[in-house]
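Here is a short report on aromatic rings and their neighbours. Look over the sequence and the model before reading on.

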Amino acid sequence: MTMIPLDEISSLRKEYKRGDLIEHALPDDPMQLFAQWFSEAGPMNIPEPNAMILSTVSSDGRPSSRTVLLKGLEEGSFVFFTNYESRKSQEIQQFPHVSLLFLWLEAERQIRIEGIATKIPKIESASYFASRPRESQLGAWASEQSKPISSRKELEQRFKEMEQRFQDIENIPMPDHWGGYAVSPTSIEFWQGRVGRLHDRIIYEKHGDAWTKQRLNP
């Protein structure tokens, strides 16, 4: 087994010089700043800027994280889709407080979000499901997400069974166990790398319908 020497890891270092966050230049609504940063991610060639790390907590207090894709911003909430029988969904249904993390290394930026996740209306989930590629729709039917499976072969066999099941159906219906969540943020922290590790951190916190912003030590 090849090991990476600890001194090689500890010596990894990069200076951050691409931007700054100055309070008086920032909008009062963090969603405006998020939209600005997201629009800037494309020209910076950030791969899949809508990829976000979703963290949930189990009934016995164990956290878990995984990457999901942001598929919409609706009324100030972050929307993603999943299997409602998956581990993440089961944990959300017990403890709806979650966190989201966008890490855009090319821009030397990070956005950390804390909020409450709730299911979106079924009609909205169905509308998005109808827009998915057919293979993705079939995959939603074939996969019992998060549950153990004996082999890759078994998964591929299930997929073939779904292809046969829906081969004469043009519009594949959405499974009852599939749909979207909207994460309504209670706090959003924007991080911009700066020289000398004196990074800019601005946190917005929601109080009622209003947002406040505050600088944090790096």
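Predicted model: local features only at pLDDT ≥ 70, side-chain atom pairs only at ≥ 80, totals over all residues.

R165 lies over the face of W141, at 4.6 Å from the ring centre.

Two of them are set out here.

| Pair | Arrangement | Centre to centre | Angle between planes |
|---|---|---|---|
| F34 and F38 | stacked | 5.9 Å | 25 degrees |
| W141 and F166 | tilted | 5.2 Å | 50 degrees |

Take F34 and F38. Both belong to helix α2, which spans residues 30–41. They are four residues apart there, so about one helical turn separates them. F34 is buried, at 0% relative accessibility. F38 is partly exposed, with a relative accessible area of 29%. Stacked is the label for this pair because its planes are 25 degrees apart, and the cut-off for stacking is under 30 degrees.

Now W141 and F166. W141 lies in helix α5 (residues 134–142). F166 lies in the loop between α6 (152–165) and β7 (178–192). The pair therefore ties together parts that are 25 residues apart in sequence. F166 is buried, with a relative accessible area of 3%. W141 is also the ring that has R165 over its face.

Which residues do ring pairs link into a cluster? They are F34, F38, F78, F102 and W104. The stacked pair of F34 and F38 is thus part of that cluster.

Terms used
Residues numbered from 1 in each chain as written. Heavy atoms only, no water. Phe/Tyr/Trp six-rings, centres within 6.5 Å; stacked < 30°, edge-to-face > 60°. Helix = DSSP H or I, 4+ residues; strand = E, 2+ residues; numbered from the N terminus. Buried < 20%, exposed > 50% of the residue type's maximum accessible area, 1.4 Å probe, protein only. Lys NZ or Arg CZ within 6 Å of the ring centre and 35° of its normal.
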